[in-house]
Amino acid sequence: MFGNSHMQRTFHFAVPLLLLAAGAYAQRPAASANQPFDAHDLSGFWKERGDRLATNQRHEISLNAPTMTPWAQAKYDAAKPGLNGTGAGRAQPLGNDPIMICDPVGYPRVLVASGNYGIQIVQAPKEMLMLFDWFYARRDIWTDGRKLADDPDPRFYGNSVGRWDGDTFVVESNGFDERTWLDSAGHPHSDEMRLEERYRRVSKDTIELSMTLTDPKAYTQPWVSEKKYLERFSDKELEARDSGWNDLREDACIPSVEAKYKEQVREPAGGAGAPARKP
Amino acid sequence: MQLTKLLTRLAPIAVAAWLATGAYAQRQQQAQRPAPPLKVMPLAGDVYWTTGGAGGNTGFIVGTNGVIAIDAKMTADSAKELLGEIAKVTPKPVTHMILTHSDADHVNGLTGFPKGLTIIAHENARKEMAEVLDNAPPAMAALRDYLPTQTVSKNEDLTIDGVHLRLLHFAPGHTSGDLIVYLPDRKIVFAGDILTMQLPYPLIHREKQGTSEGWIANMKGMLALNAETYVPGHGDVQTKPALETRLADAEARRDQIAKLFAAGQPLREVRKAVGETAAAGGNFPSFTEVVYREVSASQPFDPHDLSGVWYIRGVGFGMSRKSPPMTPWAQARYDAAKPGLGPRGHPLGNDPIMGCDPMGLVRSIVWGVYPTEIIQTPKETFMLFDWFYTRRQIWTDGRKLPEDPEPRFYGYSVGHWDGDAFVVESNGFDDRQWLDADGHPVSADGRLEERYYRADHDTIEVTITLTDPKAYTQPWVSKGIVTGRLVTPGLDSTTEMREDVCIPSAEAKYKEEIREPAGEKH
């Protein structure tokens with residue numbers, strides 16, 4: 001039983017993204033969509049429904065990345081996505097995506113590339129937490145009125161403060177560790193990146209999100225995302241997930257397991273000259 | 001690059017190892033630093049005090065048939081040097097030892113004395129010594145034969161070997177087990193570490209329940225004695241006027257700190273305001289810090305509010321030094337586990353966290369170096385761990401633990417209030433995790449109970465009980481684990497909580513460039 005469940009865990013990492021890409025999750029409006037809600041309450045369990053977007057298979061900020069600086073272009077060219085790579089010849093079964101060895105996935109990738117994985121938002125008095133299934137990661141958004149530091153220690157999940165602007169929750173972040181990829185396509189960012197996110201709960205079941213990424217070292221102009229949607233998990237959906245008790249999964253990335261998977265599955269497949277998996 | 005930035009860039013395991021070895025090296029250095037020669041100085045009649053050697057001052061009194069010693073130095077070697085010096089004064093054997101308190105630099109040298117001594121101490125000092133021994137590495141086992149044979153709980157008049165002594169304990173001051181030795185006939189007081197003259201202000205060990213209030217009571221008590229000579233635990237012999245000045249200085253500073261606290265000043269500002277230097281407490285928290293924490297701890301609090309940033313104090317190693325007897329299943333796993341650090345340490349061990357495999361629950365809770373943030377919401381309590389940037393969630397919405405859950409490194413947890421104790425029950429552990437840095441295993445059948453009790457504004461007491469019959473023949477109850485709040489007003493969790501994520505590529509590099517070359521030397 002153990003070996004089996006561990007094996008399942010191994011595949012967590014890759015499989016849902018593929019399922020999502022294959023369109024396995026059909027979109028259907030929920031009965032609760034018209035119920036009343038508190039616009040200033042973002043708490044609960046959500047998923048990023050990439051399949052509502054024209055760019056649904058991209059797991060990117062959006063399709064229309066601004067022009068990269070030479071610094072960013074060199075990084076982008078060196079990045080070899082293992083999965084979900086876009087652009088001719090970019091995806092390679094044995095790529096150099098840092099998450100393949102469980103290096104931190106970082107923000108915003110943990111959100112924009114999370115597919116149907118769970119995201120829990122917790123509103124505490126002084127901070128908002130975003131907890132993720134994927135990588136068992138988290139992000140802390142301070143709401144106690146503090147300002148972003150001018151030169152913070154870089155973090156994989158950034159340094160963030162949030163405030164309400166009417167019914168929109170505005171999150172500003174800086175201090176991102178530039179070792180992470182922005183998305184599964186391998187877009188880079190620098191540690192000078194600043195991110196603004198605007199969250200608005202438009203119905204009981206939906207939060208709209210737009211992101212603006214400003215990083216002159218990497219992109220010649222701000223990168224404005226297409227609108228993204230967080231959709232509320234129904235209790236039924238939560239129950240159906242393998243945690244079995246209505247919470248997030250513990251989808252920790254386990255380097256020793258990933259190393260084994262690479263050795264036993266990915267390398268033989270890649271080494272045999274298998275074609276790159278298309279998203 | 002700032003040091004903090006450099007440290008965040010270093011692999012977290014490396015930093016943990018660095019901290020661990022740093023603390024160890026410091027202790028070793030203290031033990032091994034060549035000490036000045038031990039000097040014996042006569043006071044009056046047959047009473048002597050000594051300074052030098054390793055550890056605090058000592059004293060001795062030559063009685064009718066034997067010698068009564070006061071405090072035992074820090075090492076067996078230094079104790080033997082002391083015995084040699086006593087032998088130059090008198091051929092009589094040392095028959096009695098009075099301990100002024102339990103600190104290592106006053107008691108660890110006991111092993112250099114012949115066995116069979118009558119050892120007298122305050123009952124709390126004996127308790128503190130016994131607790132240290134419970135969690136001590138095997139190298140300290142010899143001290144077990146030197147626990148006090150007689151304890152004092154209140155002031156006592158004694159005549160030992162024709163010598164009249166009064167043993168006084170006014171309050172827990174430097175430690176909970178302070179004992180002042182007063183020789184009324186000679187007007188001499190051995191004050192122990194109530195007087196630490198190498199420091200400008202008193203040294204209070206809060207972890208041994210010492211208090212500044214108790215220190216003041218001890219000073220006033222000593223000043224009321226008909227005495228002229230005061231032998232401190234460290235530094236030169238003092239007179240009554242010198243003690244009066246020291247008491248007045250400490251009281252004034254204490255008042256000043258309380259006022260600054262009341263004005264909302266954070267500790268770092270208070271330090272500046274009183275003009276305290278970094279080394280004000282030697283290797284220990286300074287008087288300013290101690291008083292500040294006392295004032296902070298005495299603030300009102302809601303016993304059902306556990307939120308904030310906390311550090312584990314206490315063992316910081318695991319549930320306790322010794323596990324209950326292991327089953328063969330657990331023993332085999334324990335034997336296969338090769339820790340990177342500790343008594344079974346191997347520089348290139350197989351600790352799963354060395355490769356950034358998940359830490360697991362118990363290890364995250366009990367590790368003592370990095371902070372934990374607790375967040376309470378109506379339905380859930382979260383514990384966010386700085387180390388490994390990980391977390392656990394405790395449901396408080398009334399649900400029951402799942403019956404056959406898919407194993408998780410951080411388990412499944414539910415919590416409820418039992419009076420003022422927050423009781424957390426957990427199951428469903430992934431058995432690949434280690435329970436502690438020593439490699440104790442946990443099985444998927446293990447159940448954990450944690451009880452969190454907010455003892456004062458700044459302290460949560462924690463008791464953890466693991467019941468895992470597949471691994472241990474009886475429940476394993478944690479020992480010596482206390483969470484202390486170290487966040488001070490004006491310092492909040494952004495300053496304290498870091499993103500100490502484990503990065504496999506950085507760990508691999510560290511292994512290749514540092515750990516492996518170092519390991520090869522072993």
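## Confidence

Chain B of this predicted model has a mean pLDDT of 88. In chain B, 90% of the residues reach 70 or more. Over residues 1-29 of chain B, pLDDT stays under 50. The model still has 23 contacts beyond four places in sequence for residues 1-29. Residues 489-494 of chain B also have a pLDDT below 50. That stretch has 11 contacts beyond near neighbours in sequence. Where pLDDT is low, the predicted coordinates should not be read in detail.

For the complex, the predictor gives an ipTM of 0.84 and a pTM of 0.82.

## Contact between the chains

Chain B contributes 29 residues to the contact, and chain A contributes 25. On the side of chain B that touches chain A, helix H1 (3-9), strand E16 (390-395) and helix H13 (504-521) each supply at least two residues. By class, this side of chain B has 14 nonpolar, eight polar and seven charged residues.

## Helices H6 and H7 of chain B

Helix H6 (residues 212-223) and helix H7 (residues 240-262) of chain B have axes that come within 10 Å. The axes cross at roughly 155°, so H6(B) is roughly antiparallel to H7(B). The crossing of H6(B) past H7(B) is left-handed.

From H6(B), the contact uses B:Ser212, B:Ile216, B:Met219, B:Met222 and B:Leu223. They meet B:Lys240, B:Leu243, B:Glu244, B:Leu247, B:Glu251 and B:Arg254 in H7(B). The residues of this contact divide into six nonpolar, one polar and four charged.

Notes
Residues numbered from 1 in each chain as written. Chains lettered and ligands numbered in written order. Predicted model: local features only at pLDDT ≥ 70, side-chain atom pairs only at ≥ 80, totals over all residues. Axes fitted to C-alpha atoms, helices over the stretch in contact; angles between N-to-C directions. Helix = DSSP H or I, 4+ residues; strand = E, 2+ residues; numbered from the N terminus. Parallel < 35°, antiparallel > 145°, perpendicular 65-115°, else oblique. Left-handed = near helix turned anticlockwise from the far one by under 90°. Contact = placed C-beta atoms within 7 Å. Nonpolar A, V, L, I, M, F, W, Y, C, P; charged D, E, K, R; others polar. pLDDT = per-residue confidence, 0-100.
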